Amino acid sequence: EAIADFEKAFSLAPDNLDLVTDAYVEMQAAGFGEEGKTYLSAFMEQKGKKLSDGERGTLYYYLEDYQNARTYLDGSLNGNDAEKSLILGQTYEKLGDLNYAAGVYQTYLNGNEPNAAIYNNLGMCLVKQEKYDEALEAFEAGIAVGGSDYLQELQYNRIVANEYLGNFSQAKSLMEEYLQTYPDDAKAKREYEFLQTR
């Protein structure tokens, strides 16, 4: 039934790249990633030369062709498109170049309005590089942006960064606040049990 709905939506808005990528993300989450990729490939084939480099790079990212995604996105990025900066940064993460990914996120943040999603990705990049102080700053800056879809993730990641820094009492107190807001988070409950032993 979902596929029928997606196909109806595609027929009503055949040029809408966001619609196709959103449908792919939903299908992948439900375990139908390969079927979702057929829609991405069909969209790329249909549009052909009409696609901009940024659109082509985005499609390659979702198709998991990270080399081509990097080539097209690098060429199209002007530093002030949050969505493309996110996808280019994630492409470099997938290619194992965390330094460059962090640089893409930082470049965007240096020249534009604060963006919670980009702060979150920057923070996670820095955690992987064991730069926990800088990661904590990024998560806190993301939280300061205010209400966003990333607020819960940012708050959880801030707790984890505090743990890495050995700030267990701070992490425990933040986790107590977090669980008041998100009482159903099973992963956070397990983490709280661990924190009580520190």
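**Burial, rings and cores**

Reply: Take Asn121: its relative accessible area is 12%, so Asn121 counts as buried, the cut-off being under 20%. Keep in mind that the model is predicted.

Me: Where is Asn121 found, and what is it in contact with, leaving aside neighbours within four places in sequence?

Reply: Asn121 belongs to helix H8, residues 116–128. With those neighbours left aside, its contacts are Leu86, Gln90, Glu93 and Tyr105.

Me: Is Glu93 buried or exposed?

Reply: Glu93 has 19% relative accessibility and counts as buried, because the limit is under 20%. Glu93 is part of helix H6, residues 82–94. Not counting residues up to four places away in sequence, Glu93 touches Leu98, Ala101, Tyr105, Asn121, Cys125 and Lys128. For one of these, Cys125, the separation from Glu93 is 32 residues in sequence, while the C-alpha to C-alpha distance is 7.8 Å.

Me: How is a pair of aromatic rings described?

Reply: The distance of the centres and the angle of the planes describe a pair of aromatic rings. In this structure, a search of the whole finds eight aromatic pairs. Tyr24 and Tyr62 form an edge-to-face pair, with 6.0 Å centre to centre and 70° between the planes. Tyr24 lies in helix H2 (residues 17–29) and Tyr62 in helix H4 (residues 53–62), so this pair ties together parts 38 residues apart in sequence. Both Tyr24 and Tyr62 are buried.

Me: Why is the pair of Tyr132 and Tyr164 stacked?

Reply: The planes of Tyr132 and Tyr164 are at 10° and the ring centres are 4.5 Å apart, so the pair is stacked. This pair also links distant parts of the chain, with Tyr132 in helix H9 (residues 132–144) and Tyr164 in helix H10 (residues 151–164), 32 residues apart. The burial of the two partners is read one by one: Tyr132 is buried at a relative accessible area of 18%, whereas Tyr164 is partly exposed at 47%.

Me: Which residues form one aromatic cluster, and which charged end sits over the ring of Tyr72?

Reply: The cluster consists of Tyr24, Tyr61, Tyr62 and Tyr66. Over the ring of Tyr72 sits the charged end of Arg56, 5.9 Å from the ring centre. Arg198 lies over the face of Phe168, with 5.2 Å to the ring centre.

Me: Why is H4 largely enclosed by the rest of the structure?

Reply: Of the 10 residues of H4, eight are buried, so the rest of the structure largely encloses this helix. The buried residues of H4 are Gly54, Arg56, Gly57, Thr58, Leu59, Tyr60, Tyr61 and Tyr62. They pack against H2, helix H3 (33–47), helix H5 (66–76) and H6. Just after H4, Glu64 has a positive phi of about 65°.

Me: How many residues does the largest nonpolar core have?

Reply: The largest nonpolar core has 45 residues, and Leu59, Tyr105, Ile118 and Leu122 have the most contacts inside it. H8 gives the most to this core, with eight residues. Leu122 touches Ala102, Tyr105, Gln106, Leu109 and Ala138, not counting residues up to four places away in sequence. A second, separate core has 12 residues, including Val160, Ala171, Leu174 and Tyr178.

Key:
Residues numbered from 1 in each chain as written. Predicted model: local features only at pLDDT ≥ 70, side-chain atom pairs only at ≥ 80, totals over all residues. Heavy atoms only, no water. Helix = DSSP H or I, 4+ residues; strand = E, 2+ residues; numbered from the N terminus. Buried < 20%, exposed > 50% of the residue type's maximum accessible area, 1.4 Å probe, protein only. Contact = heavy atoms within 4.5 Å. Phe/Tyr/Trp six-rings, centres within 6.5 Å; stacked < 30°, edge-to-face > 60°. Lys NZ or Arg CZ within 6 Å of the ring centre and 35° of its normal. Core = buried A, V, L, I, M, F, W, Y, C linked by side-chain atoms within 4.5 Å.
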